[in-house]
Structures are given as C-alpha cells and as structure tokens.
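Here is a short tour of a sheet and an interface. Keep the model open as you read.

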Amino acid sequence: MLRKPPLFSQDVKQRLAIRFFMQIDLSVQEVTKKFNEFIAVDNVSFEVPDGSFFSILGPSGCGKTTLLRMIAGLTEPTEGKIEIRGKSMLGIPPNKRPVNLIFQQLALFPMMNVEENIAFGLRRRGEGKVDIKKKVEAILERVDLAGFGDKKIDQLSGGQKQRVAIARCLVLEPAVLLLDEPLGALDLKLREQMKVELKMLQAKVGTTFVYITHDQSEALVMSDHVAVMNQGVFEQIDTPQNLYNRPETPFVAQFVGDNNAWSGRIRQCNDMTAEIETAEGPIFHTKVRESLQPGDEVDLFLRPEAMLILPDPSLSELNRFHIIVKDILFDGANSRLLAHPLDADTELLIALPQTRQYDYIQKNDKIEIGWDQQSGICFRRS
Amino acid sequence: MKNQKRWGLFFFLSPVLLWLFLLIVLPHIDLLAMSFRIENDDGQMVWSLSNYLNFFEEPIYWLTFVRTAIFSILVTFLTFVIALPVAFYITKVVAPKFQGFLLVLLLLPFWVSELVRVYGWMILLRESGVINHFLIKLGLLNQPIEMLYKDATMILGLVYTSMLFMVVPITSVLDSLDNSLIEAAYDLGANMWTILFKIIIPHATPGIVSGSIVVFMLTLGNYLTPNLMGGKNSLWFTEQIYNQFIASFNWNQGSAFGFLLLVLSSIVVWLGLKLTRQNLRKVVQ
Amino acid sequence: MIRTLPTSKTYNRCFKFYVVLYFTFLFAPLLVTCILAFNDSQFPSLPWKGFTVEWFTADLTERVGIFHDQINLDSIWVSFRVAFFVTLLSMIVGTCGAFLFEQEDFRYKQLLYFLMLCPLVIPGVILGISILLFSNTLGTYFETNWNIDVDLFRPGFWLVVLGQFSFIATLVTLVVSARLRKFDRTLEEAALNLGANRLEVIWFITLKFLRPAIIGAGAVAFLMSFENFNTTLFLVGYQATLPINLYLQVRDGSTPVINAISFLLIVGTSMVALANLYFSRKET
C-alpha cells in the first residue's frame, strides 16, 4: 500500500490552521518593558489562538507578571504592540479592555457577597437588573456554586473563592482570561484538584486562557502551549510534550522536569551523532541537533527516567557506565536513586521503578547504568 | 491614565491645601506678625519688640510662664507614673476575658466633656463638697476645709484630664510586647525592676513619648482646668493670654504671649523627640 | 510578673488594689455628678434630701429643670449644629488627606505631611487666638479695601466650626490613613480590570473599605467638637456652645441643673462611644 507523503509537516499544518481557520485572540509583538535600567520583559512576541490554554512558565522574577499586567493594561509597555482580537490595545485603559485578570491573591471584594462580586463588572457596564441576575445565576451554576450568591467571601473555602474569582471574570465574557498563579495560595492537595478542574472548565467554556505560573506541573498538565520565560525572554514556545522531550535551550532542559547535567567535550561528530568525553570520565554517544566540531564544549542533559538500571547486555546501542548509590530517595511512583559516577562526586538522579525488581539495591552498591543515544539532550556551551 | 492621575491629585490636594494654609499656616504667620506690632502714641500701628520686652520686664508674666512650664512637665511625669502600671495590668496581668471590658471602662470617662469632669471634681472637693461632708460625718474633721484652688488640686485635675492620652498609647505598645520576652528575662534571672527598666520601658518608649507629647501639649494649653480648679491662684499662662485678648483687649501683647507658648511647646516636643531618638511621624502612628 | 508567670499573692493583691483605686479615681467625679442630679436640694452637694427628677422636668420659678431651661437648651442645639458641620467637613477633608498622603505622590509631600501633623502639637488656645487674629485681619482688609462686611470673619458660629475643624481634621486624616494603609491595592486593580473607572473604583471599592474608619473617626470628631472648650473660647460669638455656657455657669456658682445636663451628657456620650466601639469591634 502506498502512502502519500504528507504535504505539510504536522507543525506547519497547525500554523496554517491557526492562520486561516482560527482567530488569534491575543497577539503580543516585540513587547519590551523597562523599569529604569532594568529590563523586565525583553522583546517578547507570541500569539494565542481562540479557545486555547496558553501558559507562561518561568521562575519568580522572570517578568511574567509584568507581561500579564501589560496585557491587562495595568502597566504600559515601553515598546511593542499588544493586539486583542485584532485591535491594538495601545493607550486603552484597563477598564476598557476585553481581557480579565485573575489575581494571585484573587482580589475578591471582601465588602461584597459572592453575587455582588460577580455582578460588579456587569453593573459597571450598565446592564439591566434582570439580565445581571440571570447571568450571575448561570455562571454560578457553571462553576458549581449554585445557591452561593449571598455567601460572604470569608465564608468560602479556598477552592470556592477560586471559582468565584473565575466566575467574576467569565461572566463578562472576555476575549482572553488572564490568570496570575491563582493556585499558588492553595494547599497541595487542593492545587492538584483545581488543576484538573480548571482545565475542564476551560474546555467547557471555551474562553482563551493565558495562565502564568512558576509551577511546571501546572503548566504541563493544563496547557495546549507553554512559553518558558527566563530573565525577560521567551526561551521556547511549544507543546508540553515537546518542551519535555525536545527542549531547545539548556534553561528549558533544566527548568522543565528534572535533568541530570553533564559537561563535556566533543571528540568526534558525524550524522547528528557525537562522541562526548565527559568531565566526570565516561565517554558517551548521543544524538545532537546541530553539527558540532571536535573540541567544542557541550552540556549534556539526561532525564532520570532515561537511565536504565542494570540494562540487558544484549542492547548494543546503549551508553553504559557505573555508579555508586549514595541514597535511595523513596517517593512512591517518583522514587529515585541518588548516586554518583565512579570517579566523580557529581550527583545523579536515576528513576527507580517501583516494580519490586530493584528492592535489593542498597546504599554504596556499585551498579551499571545504561541510556539510549536518542534520549540525550546536548547543547553547545556558549 | 496620566490625566486621570493629575485630576486625582488635584482633587485630593486642594481641600487639604486650603485647610492647612488658611487655618494653620497663615493664622500663625499673622500671630507672629501681630506680636511685633504695637500702637504708638499717635494711635498708629508700628513694628516693635516691646511686646516681648514687656514679657521679660514684668516678673508676673515670665514667672507664670516658667511656673506653667514646670507644672506641665510635672503633670506629664505624674500621668506617666500613674498610667504605666494600669496599662501593664490591663495588657499583661488581668485575665484576657476582662481585658476588653477594662479597656472600655478606661476610655469611657474621657468621652465626657472635660468641663463635666472638672465640675465633678469641684463638687467633690469644694468646701461644701462631698468629701468634706463625709469627713465631717466620720468625725475626721470638725470644720470643712477648702480643698479647691490649691496647686495640688489643680495638678490633680490636670492629671485626671489628660490621663487618657497617656494610657491609650502605652496600652497599645505594651499590647505589642511579646510576653515571651518577659518570660525569657525572668527565666534568665532578672528581677522585676530589671525587667521594667530593661525590657518594658525600652519597648514602650514610642508610646510613652507620644503620650507625653500630647499630655504636655494639652496641659500647657489648658485653660479650663487651671481656671476652675486653681481659681485665682492658678497663675496659668493661658489665663494671661485670655486676659490680654478678652479682658484688656491688647491683642498684640496677647499674640506675643501666644507665640511664646507655641515656641515653648515646640521646643519641649522637639527635645522630647530628640532625647528619645523618636520622630514625630513614627510617634503619631 | 505577668499572668503566665507564677506570682506572689501580695504582689497580685497590691496590683489589684492599685487598679481598683485608679478606677475609683476615674469614676468618682462622674458618679457623684450623676447622683447629685437627682438630689432634691437647691445646691449640688450633700446631704441627700431625697430623690427627685425636678432638675430635669420642673418649670417653677425657683427651680427650672433642663427641659425648660431655654438658655442651656439653646446652647445644646448650637453645639449640635457646630459638631455636625465640624464632623462633616473633617470627614470629607480628612478622607481627602488620607488619599493624598497614602496614594498620591508629589513634591513637598513630606513637608505637607508635617504641616498636617502640626495641629496635634499646637495648644488649642493658640489655634483659637491665631484663627481669631487672622479672620480679624481678613475682615478688616475686606472692609477697608472693598467695603464688604463678611460675617464669616467675626467671632461666631462659622468661626467656631472652622477653628474646631482645623485640628479635628488631622485626627480624621490619621485614622483614615491607618485604615487605607491596610488596603490591598490589587482590589483597585481588580475593579479596574472588571471595567470600573477610577471614580467608580474609589466609590465602590476604596470608600466602602474605608467606611468603618470614616464613620468611627466621624463619631470621635463629633464628640471632640461637642466638648471642645479651649479653641472655641476665643472664637465664640453670641451663640455660646454648651461647654462655654456651662463654664460661665460653673464659674459663677452652680445649681443642680448643671448636674442634670452632665448626667445627660455622660449617658449620651457613653452611648455614642459604646456604639462606636461595638461597631469597630464587629468590623474586625
């Protein structure tokens, strides 16, 4: 059977689809924000199509909140353009923009009850009383808070407050809903639950979400696309899967998921495969994304789960080396071995599958480790 | 955005400026100017220092001034000594369930007009007053004695009048003193007096300073209490001012007196702040 | 030492005794004043001659109760009106001041803040005379230059209002500022984000938040105005406020009518104060 080669790659297809069939809700073009000498946001551009869940992931202080505030209109950009549904937002005050923001601390008005909080924006628009009542009831229903209208804000639990804050914005039917780490204030268990809830809610209402967080798990679980931001710059915009499997910069490799870092030097390189001599001793073969010259300094990243404990000797494509177990970090399904290579004290994290097959491993054991050439991530050190 | 900000600043600034300039700054400049003017023999107003010279040449004036200052400091000190244990008791000693009640009780009398409070003391202390009545009934006295119009009663009245302004700030600073500090000091072997002077008073200094400033200022500028409880012998400086303004209608002389009192009050407040290394902004908060 | 530490019995007893003594000192004059308001005697003194409410209700030639004492009733009414205007003015200006010093930024802000604090350390008598002087200067100026006689510049009702306002506004500013400092400004941003303009933000969010502080400060302002004596003394015209009027009577010899008025004042102010306290407690 003959298979027609695809006319366009998957990626190009998606971009075309965005261009022709989907509306761009939010477009940020070359936006820069300076506070005196400090550059908080440096020449950032991205587009968010209608109905998608877009996250900006970065460590605290990377400029993501500033970016969000610029989209909301609470801060003016120094340079660049922000368009919402094709309309430039330059000079438009925050109260006239079709975006709503969910604040980190939610900023629910404590002097009003739930219903008044939700109706606040509708009242400002001068909508009729009957309409407002209907809309408020409908949105409360949608966030599973029917009948909570006359509750005081301080009578609500953390998760309920969360949903009121979301309802208060969604009722205005914004083009884009901005969320500024809204799960940060919740405890761990509730956070896990709200993550799923938020994702489902977004799918249900179909509003475009722009979500910022420093928590990679939040970003990876919920988003269609994630931008990783560092020191005011976008390092990579991609799907969660690609961010994890094909990071484009060392920062993304280290920030998204755990990674073991090795530093080394290229011995030889051909056909996108390189031989690297690591500073710790072992010599590895790995795929590379660009052609490298012998002698180039590189950083090599290896996921904990890419390293196999005691690999089958029949597998020939593996890099093999020995480690000494320093400790066993038991954490359920996420258990790891803390180890170091034979002649170096670099710390390594190695996934320890809880299949009971490795239960005999003890501290100070010497173990062979193997990893596939395809799973190495290698960057030239700049 | 920019325009709205301007507009907001203007909106808030103008009433405050009107208030401070029309009612505080300009009147006091006028006071200062008036104090250097006198009416000469031809009935014309001329610049002169003689209002101030009068003050220094006439012993009754400057003696009253000094007396007022010294008594005000004494009153401030007495108020502090009386108030500190009370504030300490309410914040640290009494069972917490009575705390709120005692605080309310503490504040209540001071909502009542100063005049009513002074009047209360007058009917207690005067010759035909309640205390004399009971002392005679008990056989401790044969003749009623006049307890009003003495320096001691006047001081009593002034201390009573300004007590609130000392108790409240001290209570609030003591409330913020962590009990465990006292417990730790006790545990480390300090006795009561060490704890008082090394822990409690240093912590309470901002409250004590703010209380003292207000009490001093109120006492210095008080007219009602010295006048009613000290009578003719009170020799309080505000009475001199009142006499110049209302009785002799010599506003220029009165202005000079007023300005001197203002200078005295400012200097003592400033000294108090400097000596305790506090600043006004911190103290009012 | 403190309640969590073991203490000797004597220490506790002495301390308790001191505090009881203090509260006696605090309440004795007020209690005696109140009790003597009901004594059936021509003088506010003991011996006790029997219970009567005549000092409130009587309308006889030798005994006029407060409810029929036109002069005192008038002065109460004057005080009410003065206090009303002082409260209103200082609530408005004090709130403006709080916004100005907490949320705005401008040159000489520190200097202006210092000026705003000044009335706290200027004796009331001095405030009274300097405002009297300045209004007189202005009045003379208007009269000689434009031949206009402005009533406001004469000692009288409005001058009393202005004089009391001049220092009570500072107090309101401080109280409202303290509350405004606790205000979470993201609430304002949230309201802006939900489509409110700046005016609506202030009205629906910030002022709502400040309301308890403004009302509380207003109650304090009312009481301070109602009982002010030192500043008022120099500014008062022919309409005497209650404290001035009482002062004149106390100075020149008194009757139990004053006790009756005092009784009403004590009960009235206590109720305002307690209500104020109750509501501010509830708020927190």
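Two strands pair if DSSP finds at least two bridges between them; strands themselves are DSSP runs (E, at least two residues), as helices are (H or I, at least four), numbered from the N terminus. This is a predicted model, where local features need pLDDT of at least 70, side-chain atom pairs count only at pLDDT 80 or more, and totals for chains, interfaces and linings use all residues. Residues are numbered from 1 along each chain as its sequence is written, while chains are lettered from A and ligands numbered from 1 in the order in which they are written.

**The sheet in chain A**

Chain A holds an open sheet of 6 strands in the order 6-7-8-3-9-10, with mixed pairing. Strand 6 (99-102) and strand 10 (233-238) of chain A are its edges, each pairing on one side only. From one strand to the next, the twist averages 20 degrees.

Strand 6 and strand 7 (residues 176-180) of chain A pair in the parallel sense over 4 bridges. In this region, A:Val99 stands opposite A:Val176 of strand 7 of chain A.

Contact means C-beta atoms, placed from the backbone, within 7 Å.

| Helix of chain A | Strand of chain A | Angle |
|---|---|---|
| Helix 2 (residues 64-72) | strand 7 | about 150 degrees |
| Helix 5 (residues 158-170) | strand 6 | about 170 degrees |

**Chains B and C**

Here, 74 residues of chain B are in contact with 74 residues of chain C. Helix 1 (residues 2-35) of chain B gives the largest share of chain B's side, 18 residues.

How values were computed
Contact = placed C-beta atoms within 7 Å. Axes fitted to C-alpha atoms, helices over the stretch in contact; angles between N-to-C directions.
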